[in-house]
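Open the model in your viewer and keep the selection tool ready.

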Amino acid sequence: MSEAKMNPMQELSDNVAVPFEQARAMPPSVYTSTEFLEQELDKVFRQDWLCAGRSSSLPNPGDYTTMEIAGEPIMVLRDRDGSLRAQSNVCRHRMSTLLEGRGTVKSIVCPYHAWTYNLDGSLRGAPAMMHNTAFCKSEISLPTLRCEDWKGWIMVTLNPDATPVGEGLAEVDALVGHYGMENYVESFCETHRWNTNWKVLAENFMESYHLPVCHAGTIGGTVDLEKMTCPEGRPAFNYHWILKDNTMPLTLTLAHPNNTHLVGEDRNKTYLLSIYPALLITLTPGYFWYLSLQPDGPDHVNILFGGGLAPEFRDDPESATHFKALKTLLDEVNNEDRGCTEKVYRGLCAKSAEPGLLSHLERPNFDFARYLNAKIQGEG
């Protein structure tokens, strides 16, 4: 009698139970299984902090953005007192979603029956409810979620017991706090949907092993694999860095002459930070860009894609030229990544797919797999 097939959770557990020197890529079932996705939604996305973009994108009262966390529609807005507020994006009447996309409102009006809420989520008014004796306006409000502004990032969680962001990511601050990430200026923010698993895209960001080939048309020729450093990851994130020089297509890859707070190698060091589970940040002395991921089934990922300039380049007389060059390059790199990651997902779905051995340059991928396993097993 043949052995019973392991479920994907057990496959992942076995996969990470080896030293890194013998590590393999995660099993295909971890990417393609609906069963595994349900575990991720329950034990990862409903538990950890997720990014809704940059806080600077909501500068004024009534400015809002929307997102979905594990099937829960969420809105984040700037309240009248200037604070960020995250709350349910579902009407307390007949449960229509309330706001869409991004924008600015003076109040939150349900598009179905015009129940109207103040920015703090309290119910302002509800038409034709005077004959329902159980109705009490003061007792109805939109449920609030935890929301923090961390280094300029809007972080939201469904978990009331989650460790505060600043505490959980203190090691990130120790690593790159001197870059002043909170002062970088977002110049664009877009949404995309790709035909790949969210983890394929996350892992693609975590390793630069693929750069010479996948990005041969853009930045690949400027990358020296021998000069990449991939340290062991931390419990809440992994990272690696690349030292760049003036052969890069962008001058703003290096620190601006007016930047006086970065010295030595930091003036040409690019950090790639993977904040678990799904915030991916490229931080250079001159610019930043990021991806914030949400699964959309095993085979698609919804992407918040944004970026912008360090203050010195934003204030430079040639800032418009700098940004145009940055956005052009990032769009080209993004298109190359889409092609590569969608090919990977097609391959993962093949019956012949088997996980191969990892390079030392894929250390962050192994750390990510261990993080996921700990969460799924209830250890993290």
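In which loop does P317 lie? Select P317: the loop runs between α8 (311-314) and α9. Helices here are DSSP runs of H or I with at least four residues, numbered from the N terminus. This is a predicted model, where local features need pLDDT of at least 70, side-chain atom pairs count only at pLDDT 80 or more, and totals for chains, interfaces and linings use all residues. Residues are numbered from 1 along each chain as its sequence is written, and side-chain values use heavy atoms, with hydrogens and water left out.

Stay on P317. Its relative accessibility is 77%, so P317 counts as exposed. The cut-offs are under 20% relative accessible area for buried, over 50% for exposed, and partly exposed in between (1.4 Å probe, protein chains only).

**Cysteines**

Select C214 and C340. They form a disulfide, with 2.3 Å between the sulfur atoms; the rule asks for a pair of cysteine sulfur atoms within 2.5 Å. The count by this rule is one disulfide. Look along the S-S bond: the angle about it is 125°, and the link of C214 and C340 is right-handed. C214 sits in helix α7 (residues 211-214) and C340 in helix α9 (residues 319-348), so the pair ties together parts 126 residues apart in sequence. C214 is buried, at 12% relative accessibility. C340 is partly exposed, at 24%.

Next, C51. This cysteine is in no disulfide, and the nearest cysteine sulfur, that of C189, is 8.8 Å away. C51 is buried, with a relative accessible area of 4%.

Move to C136. C136 is partly exposed, with a relative accessible area of 27%.

**Cores**

Select V76, V156, W198, L293 and F368. They have the most contacts inside the largest nonpolar core, which has 67 residues. A nonpolar core is a set of buried Ala, Val, Leu, Ile, Met, Phe, Trp, Tyr and Cys residues joined through side-chain atoms within 4.5 Å.

Centre on V76. Among the residues that V76 touches are A52, L58, Y64, C147, I154 and V156, leaving out residues up to four places away in sequence. Contact means heavy atoms within 4.5 Å.

Finish with M155, V172, V176 and F237. They are included in a second, separate core of 28 residues.

Key
Helices (H or I, at least four residues) and strands (E, at least two) are DSSP runs, numbered from the N terminus.
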